[in-house]
Protein chains: 2
Amino acid sequence: MKLVIIGGVAGGASAAARARRLSEDAEIVLIERGPEVSFANCGLPYHIGGKIEKRSKLLLVSPERMKSRFNLDVRLRSSVESIDREKKTVLIHDLDSGRKYEESYEKLILAPGAAPLRPPLNGIDSPGIYTLRNLQDMDRIKSALDHGVREAVVVGAGYIGIELAENLLQRGIKTTIVELQDQILPPFDREITTPILKKLHSEGVEVILGDSAESFEQTEDGLIVHLQSGRQLPAQLVSLSIGVRPENQLAKDAGLKVGQRGGICVDESLQTSDPNIYAVGDAIQVKDFVLDIPTQIPLAGPANRQGRIAADHVFGRSSTYRGTQGTAILGFQGLTAAMTGPSEKVLQREDRAYRKVYVHPNNHAGYYPGAESMTLKVLFDSESGKLLGAQAVGGQGVDKRIDVLAVAIQAGMTVYDLEEMELAYAPQFGSAKDPINMAGFVAAGLLRGDHPQIDVAAWSAFSEDKRPWLLDVRTPEEFSAGHIPGAVNIPIDELRPRLEELPQDQEIVTYCKVGQRGYLATRILMQSGFSVRNLSGGYTSYLQWTGEI
Amino acid sequence: MKLVIIGGVAGGASAAARARRLSEDAEIVLIERGPEVSFANCGLPYHIGGKIEKRSKLLLVSPERMKSRFNLDVRLRSSVESIDREKKTVLIHDLDSGRKYEESYEKLILAPGAAPLRPPLNGIDSPGIYTLRNLQDMDRIKSALDHGVREAVVVGAGYIGIELAENLLQRGIKTTIVELQDQILPPFDREITTPILKKLHSEGVEVILGDSAESFEQTEDGLIVHLQSGRQLPAQLVSLSIGVRPENQLAKDAGLKVGQRGGICVDESLQTSDPNIYAVGDAIQVKDFVLDIPTQIPLAGPANRQGRIAADHVFGRSSTYRGTQGTAILGFQGLTAAMTGPSEKVLQREDRAYRKVYVHPNNHAGYYPGAESMTLKVLFDSESGKLLGAQAVGGQGVDKRIDVLAVAIQAGMTVYDLEEMELAYAPQFGSAKDPINMAGFVAAGLLRGDHPQIDVAAWSAFSEDKRPWLLDVRTPEEFSAGHIPGAVNIPIDELRPRLEELPQDQEIVTYCKVGQRGYLATRILMQSGFSVRNLSGGYTSYLQWTGEI
């Protein structure tokens, strides 16, 4: 077997290592355009900020080690210019010597990755405008920062944009983020992102939403970024992080099928439309595991698994790729946002019947010091309760809950299963009723009809004259510190004797701080014949929705 | 409906709250022997050590709040002396007034908990000997510590014993733990506990294994604890934490069925042998969810869920309890040990066919600062690969991985599913190949035959003359810093050209530090016709087995 792999980072490197483990005899050629293989993409922003001090840490495996340990033919600074599928050869351009030569293959694995988008704006090629994809990009940004950058503009508030902003902050750079959408972190639903947005602001990062860079003007002092709104932002460094596009040119030129959004099409064995050619990683179109529709989700974990599976298949094994859930996570100054499965926006776009709940539990027992609160949003099928997606934001423990929910989604579990989960509890680690159990109780209560709920989006959609009667069951102190306009305050512990103050002929919506007292109020009112719904996530969800916290 | 609940802590309090949510009309009487309801058992040691400063934090809900919010008839300092199942009454003893009176019930929920064992040893009733079950016990221990305790002996190295030792340490008390078994934390397999044992030692706690307290002698300075071995330990405070027994007397006297080990027998609706009487919490015998055999697992999470389910059933709902996995966790001075599902010892006792693997990954990407390593042991069915149990010990992230595996066990997943799990990855939180994926690769490789393994227990069981040829594929530096006796060192990167140094006619066992290079060596040797197995978990597992780390 002669296996040629194009691209030596996550997917390509995994494929190469796996291939060698499966076959000592195979000839394995690993072709990489850059000067390194297998570097840590996800660490790039943190070397810029200095959190990862040594650049060498980002080189996970040296090319020499790759060669010696896995007995690979590693060719660096080599670009593949074309594939001849008939002859089963690739044309390789040695970027250092300039030499071009053919290399034959029996099987070919494409792992070219995705390239940062660089829209054709006026002045886009001015010095000082960067994208961040590899170590060389990182070096350039770092070097710029070492030479007098005072102000930076980050275009795009996705994962990389915010990670970069955190690291610019670390270096004392005045940073502004510009994002076209009306929220940061576009893969998430908006209300989940507001705590991160608030934190960006409180840390001194200006975030401009609903606006975009239109052109870049060179000045004596660096650049002026002209926004669509007319605003002008001075900067000595601009970073573009508005997304990536699959590196599909080679595949397209070779006549391989690519999807609508540019991802190389593969089947569940990761074979392209040519069975001798596989493709893995950020360059491909994958199946959305939950929705069973094509999608593109550039993530390191899936890329590694795909590399492994493609190598398996090359050597006759029947491994298949089950699709991608899109489990992803962001850390920003002690806050974490994470998600798995489709967002509510995507479920709406796909016209999928779903329900949702919000809870705001602590990461561990409140009586043990250091508890931090989180917001957990769970999306599930309206009928069966099958889990569809989840998002969380908060302090410690967000990653754990999203991982638990990622596994539950993989297993096809329902909200009823969440009620029963037996998770590790000691007061430093969790609660006897874990946040996951709480979400399960609330969601199952909704589906069983025990706990009718309305979410803030639906509440906000009522015209003012049609709004239900709004009952705030928190304490008078909480109420006077802030409440939803129009609410009447009857504290939960006084509710039973004061039921006659409530309207018999009108729907009631009740709420508390996070939903728990509101739930009890709902139960009391339901059993007394009132028509009532509890506001999911309570006043906390309301404030996250309006953007106030 | 008139519901009487005996016991007002975890299970009882949950049942009461749930019952009220289900029915505003029901008469709900909550009878509690102590002066409080719903306190935080699991927090008791941490108030002793001062980590939880305020005692009031441990009172999760005041009796007054319980009464007003849930409209309950709460009767504190009230002990139920007997149940008359025919008349459907209980005889209540008001401990303050001394009055005894009958109370009728339609349904009864027993949530009496479990009492710490107090073996009938000579001197067991001497002053200075304590158990820790409730706030009053805690107050007594704390008060003793405030009055001149310098040395303490903790009898029993289970969760509570070690948590208490940590808090005694916090207060500067010279502490010795005495444990009858040859390991600490008896629910775990021994090798997983060695890092905690080492940490106890390095923090200054003496741990005496395989020994027990035989008698207690009062002296002028406090107590002498006489051990079976003849050793004598002076102490001003002795804490007994050798286990608990279900509080079953009331149930037994009423003729309700109890199990062999004393737990009250219940069906999946948590009904006892009398359908009008339910039982929940530490007092009951439950089904082991994985092994489907009766067991007793006193844990707060299950107790809370059982309370909820019993209340559901009282009010005509069909909720059932699925059994207990035994997910549990311990923190000690920055180290964590956690488990879910049966241990290897239990699988052996039950004669269950299983396999096991060990991995020692970092909690997050090694290139990001602060990574901490963990040991993860996964037990699974020999044929299907279905997950049976898991244990982990290490720093940050142990709780997350055990929770993930707890869910996987609940879902009936296999080691093959672990390979595919898509968990949240950014360098502060995980790895592109998460510890869970790594465990899956290693376990699936074992079952598929790609990665033959031997564990340290099996290696150690060989007589010296029958041992396979032992190949250490680490670097010469690693080898000379310590290796398994009898090993020959050929570094992995030199292995291919040096195959002729290996025996053709003898089984080879190979190892490295954690198992990864050993895996590659195994693949190389297998494909070259050698008979070879990789030592699961490598030299790290070897040292944990011998107790050296």
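Two residues are in contact if their C-beta atoms, placed from the backbone, lie within 7 Å. Among contacts in chain A between residues at least 6 apart in sequence, 63% join residues at least 24 apart.

This is a predicted model, in which local features need pLDDT of at least 70, side-chain atom pairs count only at pLDDT 80 or more, and totals for chains, interfaces and linings use all residues. Residues are numbered from 1 along each chain as its sequence is written, while chains are lettered from A and ligands numbered from 1 in the order in which they are written.

| Property of chain A | Value |
|---|---|
| Radius of gyration, over C-alpha atoms | 26 Å |
| Box filled by C-alpha atoms, along the principal axes | roughly 90 × 60 × 40 Å |

The radius of gyration agrees with that of a compact globule, because 549 residues would give a value near 24 Å by the rule of 2.2 Å times the number of residues to the power 0.38. Of these residues, 54% are buried (20 or more other C-beta atoms within 10 Å of a residue's own).

Chain A superposes on chain B by a rotation of 180 degrees with 0.0 Å of shift along the axis (RMSD 0.0 Å), fitted by least squares on C-alpha atoms of residues with pLDDT of at least 70 in both. That is the relation of a two-fold axis. The same surface serves both copies, as 100% of the contact residues of chain A recur in chain B.

In chain B, Gly113(B) lies in the loop between β7 (107-110) and β8 (114-116), strands being DSSP runs of E of at least two residues, numbered from the N terminus. Gly113(B) is buried, because 24 other C-beta atoms lie within 10 Å. Beyond neighbours within four places in sequence, its contacts include Gly7(B), Val9(B) and Asp282(B).

Definitions and conventions:
Helix = DSSP H or I, 4+ residues; strand = E, 2+ residues; numbered from the N terminus. Buried ≥ 20, exposed ≤ 12 C-beta atoms within 10 Å, placed from the backbone.
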